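The sequence and the coordinates are shown first, and the description follows.

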Amino acid sequence: MKLFGRELVGFAKVLVVLVAVLLVSAGLCGLQLAIGNRLASNSDTFLMLLGIVELIAMLVSAVGIVLVLLVWGARGLYRLSQAESGLELQERTSNESPTKHDEEQ
Amino acid sequence: MGVGFPSRGRHAHTTAILPNMIPIGSHPAWHPVMETLAYVAGYAVYRHLRARQGDIVAEPQRWTVLAAAAVGALVGSRLLGLAEQWPTVQQAWQTGRMLELLVSPGGKTIVGGLLGGWLGVEIAKKFSGIKRRTGDLFALPLCVGIAVGRVGCLIAGLADDTYGKPTSLPWAVDLGDGIGRHPVQVYEILFLAMVGIVVSRDREWPEGARFRIFMGCYLGWRLVIDFLKPQPLIHGLNLIQWSCVAGILLLILGEVTRRREHEALRA
């Protein structure tokens with residue numbers, strides 16, 4: 001587990017970036033709403049495009065956060081189980097080897 | 001810090017209209033701009049501090065802490081923000097507009113973000129085996145970030161849920177409804193400037209002390225200053241104040257545990 005942070009630095013960076021994108025895009029939706037209210041129908045196409053881009057950014061980042069967390073957690077658990085099974089194997093080998101040695105004698 | 005869903009109908013206060021109010025008005029479009037600037041400013045200060053002072057944990061571990069803080073803050077700020085707007089949440093649930101509410105801007109709280117971020121980091125540290133106290137590097141960036149964000153709250157005016165109660169003080173601000181109000185955001189910026197000076201003092205602090213000082217000061221401040229905000233109360237305090245109480249109790253508990261461990265090690 002100690003390696004958790006060191007090995008998965010990529011996940012952590014991606015997660016920070018995704019959270020920043022989600023926060024900013026969610027805020028920009030408000031900006032778009034406010035601009036839309038003020039400019040009325042003068043710039044409908046621009047605002048709609050802006051809104052679509054923001055919504056996509058929000059959705060992609062939100063889904064991305066969930067996915068990264070799931071993959072990160074799954075990888076952590078997999079590493080943990082691997083480490084545990086490695087330890088078990090080591091213990092078994094160390095328990096078995098003296099018996100063989102005894103038999104040979 | 002939350003534009004959108006201004007649903008509590010707090011505009012109904014009536015006081016004498018003062019001729020010398022500072023006119024500010026309500027400009028919600030600036031809120032997200034200042035919020036984004038707040039994140040940028042906070043991160044810039046953090047980078048500067050880390051480059052100047054160095055770090056007690058390796059870079060990958062720091063990124064783990066940052067990620068945990070970011071996710072925790074996101075969840076915490078949104079959860080407390082939604083809890084604050086409980087009637088709106090219920091209404092959205094009944095009308096099947098939950099998704100719309102969840103993706104709507106605003107409805108985030110700083111206190112929720114701080115507590116959520118703190119909890120997220122503690123969980124990540126537990127799982128990652130990080131024993132060091134990693135919060136010191138965040139104390140000053142948080143002061144700067146929140147202060148910049150509060151400028152946005154002030155400019156957003158009545159569209160934001162953070163405006164103050166009516167007052168007849170000479171520095172009352174008019175947020176567009178002709179009522180003089182406490183500029184609570186300005187009070188907070190000044191307070192954060194003081195906390196920032198304290199936590200950035202060039203002296204030997206125990207590990208984690210700068211962050212604990214920041215959290216204690218900020219939660220204590222919000223506990224007091226929120227009495228100047230017209231918010232619905234539950235047993236005398238609003239939801240954010242109750243969260244501050246919980247946060248302060250956790251800080252005290254943590255400090256007591258830390259001292260006991262320290263004394264046990266000495267013995």
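A helix is here a DSSP run of H or I with at least four residues, and helices are numbered from the N terminus. The model is predicted.

Helix α5 of chain B itself covers residues 110-128. At 1.5 Å a residue, its 19 residues should span 27 Å, and because the end C-alpha atoms lie 26 Å apart, the two values agree. Most of α5(B) is covered, with 14 of its 19 residues buried.

One partner of this helix is α9 of chain B, residues 239-266. The axes of the two helices come within 10 Å and cross at roughly 30 degrees. Angles under 35 degrees count as roughly parallel, and α5(B) is therefore roughly parallel to α9(B). The crossing of the pair is left-handed. From α5(B), the residues V111(B), G112(B) and L115(B) take part in the contact, and they meet I240(B), S243(B), C244(B) and G247(B) of α9(B). Sorted by class, the contact between α5(B) and α9(B) holds four nonpolar residues, three polar residues and no charged residue. As a general point, an α-helix has 3.6 residues a turn, so residues three or four places apart point the same way.

| Helix | Residues | Residues in the contact |
|---|---|---|
| α5(B) | 110-128 | V111(B), G112(B), L115(B) |
| α9(B) | 239-266 | I240(B), S243(B), C244(B), G247(B) |

Elsewhere in chain B, R50(B) belongs to helix α1, which comprises residues 30-53. R50(B) has 14 C-beta neighbours inside 10 Å and therefore counts as partly exposed. Apart from its neighbours within four places in sequence, R50(B) is in contact with D55(B) and L137(B). R50(B) and Q94(B) are separated by 44 residues in sequence, and their C-alpha atoms are 48 Å apart in space.

Chain A may be described as a whole. It has three helices and zero strands, and its pattern along the sequence reads α-α-α. Of the 105 residues in chain A, 23% are buried. Among the contacts in chain A with a separation of 6 or more, 82% join residues 24 or more positions apart.

Technical notes:
Residues numbered from 1 in each chain as written. Chains lettered and ligands numbered in written order. Predicted model: local features only at pLDDT ≥ 70, side-chain atom pairs only at ≥ 80, totals over all residues. Expected span 1.5 Å × (residues − 1). Buried ≥ 20, exposed ≤ 12 C-beta atoms within 10 Å, placed from the backbone. Contact = placed C-beta atoms within 7 Å. Axes fitted to C-alpha atoms, helices over the stretch in contact; angles between N-to-C directions. Parallel < 35°, antiparallel > 145°, perpendicular 65-115°, else oblique. Left-handed = near helix turned anticlockwise from the far one by under 90°. Nonpolar A, V, L, I, M, F, W, Y, C, P; charged D, E, K, R; others polar.
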